[in-house]
Each structure stands twice: as C-alpha cells, then as structure tokens.
Amino acid sequence: MATHKQTLPSAGVALEPERQRIKPPPLYKVMLLNDDYTPMDFVVVVLEKFFRMSREQATVVMLRVHRHGRGVCGVFPRDLAATKVEQVGVFAHRHQHPLACVMEEN
C-alpha cells in the first residue's frame, strides 16, 4: 500500500494521512453459576453442547463451578456471548433446571 503525501500549495508543507487505530471489540467471559439443584451431569452436557468442550474439559469446568461457585466457559465477542447465555438459559429451563449462565466484560 502506497503512502500518499499532499503538499499545500501556499505553505509548501507536506501532510501525511492520519492513521486510525481500530480497537478490537471488547470480549466477554461467559460463566456458569453454581446452584444446589442442577445435576453435575447436566452441567457437563451443557458445556459439551454449547461450548464444544470434550468430556474431560467439561468435567474440569463443572468441578470448578461446583467448588468455586462459578466457572468460565469461554470468552467471546458481546453478541456471541449473549447468544450463548440465552441458549444455555433456554436449554436449562426446558429441562427444568435453575442453571444460571452470565456474562461479564473480560
């Protein structure tokens, strides 16, 4: 890509075009929250189905949710994170579990 310089006729000053820096969009952590009612096996299924985790990865995250009260499922752009939160909520509700899925800025 060539850089073009413009010269002002009256001043003889060369101008460089301004370079704009575009920031990447903010990312959001999607997390599951622990509750006393949702079975651990169901949490593993959610992690496999919606976050494409292997059984082993899903089990590690599920145990983190169980032991620490929350666990990160993934980090996504805002729209994708919101979609994941909605999908998990609908799926949990459909299966009559109170599993909570939330997002927060990374």
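At 11% relative accessibility, C101 counts as buried, where buried means under 20% relative accessible area, exposed over 50% and partly exposed in between, with a 1.4 Å probe and protein chains only. The model is predicted, so local features need pLDDT of at least 70 and side-chain atom pairs count only at pLDDT 80 or more, whereas totals for chains, interfaces and linings use all residues. Residues are numbered from 1 along each chain as its sequence is written, and side-chain values use heavy atoms, with hydrogens and water left out.

**Overall architecture**

- The chain has three helices and five strands, both taken as DSSP runs numbered from the N terminus (H or I of at least four residues for helices, E of at least two for strands).
- Read from the N terminus, the order of these elements is β-β-β-α-α-β-α-β.
- Of the 106 residues of the chain, 28% count as buried, while the accessible surface comes to about 8000 Å², with 52% of it belonging to carbon and sulfur atoms; such areas come from the Shrake-Rupley method with a 1.4 Å probe, and for residues only the protein chains shown count as cover.
- Among contacts (heavy atoms within 4.5 Å) between residues at least 6 apart in sequence, 68% join residues at least 24 apart.

**Cysteines**

- With a disulfide defined as a pair of cysteine sulfur atoms within 2.5 Å, the count comes to zero disulfides.
- C73 is in no disulfide, and the nearest cysteine sulfur to its own, that of C101, is 5.5 Å away; C101 is likewise in no disulfide, its nearest cysteine sulfur being that of C73.
- C73 counts as buried because its relative accessibility is 8%.

- Helix α1 covers residues 40-51, and its 12 residues should span 16 Å at 1.5 Å a residue, which agrees with the 16 Å between its end C-alpha atoms; the expected span is 1.5 Å times one less than the number of residues.
- The buried residues of α1 are F42, V43, V44, V46, L47, F50 and F51, and what covers them includes β3 (27-33), α2 (55-68), β4 and α3 (78-94).
- Just after α1, R52 takes a positive phi of about 55° although R52 is not a glycine.
- R52 is found in the loop between α1 and α2 and is exposed, with a relative accessible area of 71%.

- Q96 is not a glycine, yet Q96 has a positive phi of about 60°.
- Q96 is found in the loop between α3 and β5, where Q96 is exposed, with a relative accessible area of 73%.

**Salt bridges**

- Side chains of opposite charge can pair when their charged atoms come close.
- Counting a salt bridge as a side-chain nitrogen of Lys or Arg within 4 Å of a carboxyl oxygen of Asp or Glu, the total comes to four salt bridges.
- K29 forms a salt bridge with E104, the closest N and O atoms being 3.4 Å apart; K29 lies in strand β3 and E104 in strand β5 (residues 100-105), so the pair ties together parts that are 75 residues apart in sequence.
- K29 is partly exposed, with a relative accessible area of 22%, and E104 also counts as partly exposed, at 30% relative accessibility.
- K29, R70 and E104 are linked in a network of salt bridges.
- R55 and E48 meet through their side chains in a salt bridge of 2.8 Å, N to O.
- R78 and D79 meet in a salt bridge of 4.0 Å, N to O, and both R78 and D79 are exposed.

**R64 in helix α2**

- R64 is found in helix α2 and is partly exposed, with a relative accessible area of 49%.
- Leaving aside neighbours within four places in sequence, R64 is in contact with G69, R70 and G71.
- R64 and L32 are 32 residues apart in sequence, while their C-alpha atoms are 9.7 Å apart in space.

**Nonpolar surface patch**

- L27, V72 and V75 make a nonpolar surface patch of about 200 Å²; patches consist of residues with over 30% relative accessible area and no salt bridge, like charges being joined within 9 Å and nonpolar side chains (Val, Leu, Ile, Met, Phe, Trp, Tyr) within 5 Å.
- V75 is found in strand β4 (residues 70-77) and counts as partly exposed, at 38% relative accessibility.
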